[in-house]
Amino acid sequence: MRIPDRVSAMAPPLGAAALALALLTGWTAVGGAGRARPVEATGPGWVLLPTAGAAPATAAFFTLRNPGDIPDELTSVGWQFGGRLTLKRHLHQGAAGRWEPVPDLPVPPGGELALTPEDADVLIADPPPLTAGQWVEFTLHFRRSPSLRVSAQVLPPGSRPR
């Protein structure tokens, strides 16, 4: 019995597809397709103590590390007092600048996201009364990683954690 030309013409592409599928399955099974690992905080965060008489807002800062091979994003932040917290990024324009809210902040694979007064932070509008040295709790939410609880210390202006 003779195999039709159509069937014999399809054999090489089907064989190549099956081989590619088998190789990709093996590559993924041994971790070659990237490893998602949860984002972690590299230490406690800090909150800027609002200055008396200034605008009723402050900011929180954290350093986050993504030990995995897959990018992630910080998508929102909550804290023990509730209320509205906003992710924001500073835009520098020469000696001046402004900030704008952002929907997320990237945490690159194998890299860090450092929230600082010069780059990006968490805006806390209308915070409750805070005192220098006080510790507060935050929950950070990510696109891929599980939520992360982080403590932050309230520090006076001009101070940074050591």
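**Notes on a predicted fold of strands**

1. Read along the sequence, the pattern is α-β-β-β-β-β-β-β-β-β-β-β-β, and the secondary structure comes to one helix and 12 strands. Both kinds of element are DSSP runs numbered from the N terminus: helices are H or I runs of at least four residues, strands are E runs of at least two.

2. A word on how to read the values. This is a predicted model, in which local features need pLDDT of at least 70 and side-chain atom pairs count only at pLDDT 80 or more, while totals for chains, interfaces and linings use all residues. Residues are numbered from 1 along each chain as its sequence is written, and side-chain values use heavy atoms, with hydrogens and water left out.

3. Nine strands form an open sheet in the order 7-6-10-3-2-12-11-5-8, with mixed pairing; two strands count as paired if DSSP finds at least two bridges between them. Strand 7 (96–101) and strand 8 (105–107) stand at the edges with a single partner strand each, so one side of each is left without a neighbour in the sheet. From one strand to the next the twist averages 40°, taken between lines fitted to C-alpha atoms, with angles that run from 0 to 180 degrees between N-to-C directions.

4. Strands of a sheet pair through backbone hydrogen bonds, either parallel or antiparallel. Strand 2 (residues 45–48) runs parallel to strand 12 (residues 148–155) over four bridges, and leucine 48 stands opposite leucine 155 in strand 12. With strand 3, strand 2 pairs in the antiparallel sense over two bridges; here tryptophan 46 stands opposite phenylalanine 61 in strand 3.

5. Next, the aromatic rings. How many aromatic pairs does a search of the whole structure find? There are four, where rings of Phe, Tyr and Trp (its six-membered ring) pair if their centres lie within 6.5 Å; planes under 30 degrees apart are stacked, over 60 edge-to-face, and the rest tilted. Phenylalanine 62 and phenylalanine 138 make an edge-to-face pair, 5.2 Å centre to centre with 75° between the planes. Phenylalanine 62 lies in the loop between strand 3 (57–61) and strand 4 (63–65) and phenylalanine 138 in strand 11 (residues 135–142), so the pair ties together parts that are 76 residues apart in sequence. Ring pairs link Phe62, Trp79, Phe81 and Phe138 into a cluster.

6. Are phenylalanine 62 and phenylalanine 138 buried or exposed? Phenylalanine 62 is buried at 3% relative accessible area, and phenylalanine 138 is buried at 0%. Buried means under 20%, exposed over 50%, and partly exposed in between (1.4 Å probe, protein chains only). Buried residues make up 30% of the 162 residues in the protein.

7. The loop between strand 10 (120–125) and strand 11 holds aspartate 126, which is exposed at 59% relative accessible area. Look at its backbone too: phi of aspartate 126 is near 50°, a positive value in a residue other than glycine.

8. Threonine 131 is found in the loop between strand 10 and strand 11 and counts as partly exposed, at 48% relative accessibility. Leaving aside residues up to four places away in sequence, threonine 131 touches Leu49 and Val154, a contact being heavy atoms within 4.5 Å. Threonine 131 and valine 154 are 23 residues apart in sequence and 6.7 Å apart in space, C-alpha to C-alpha.
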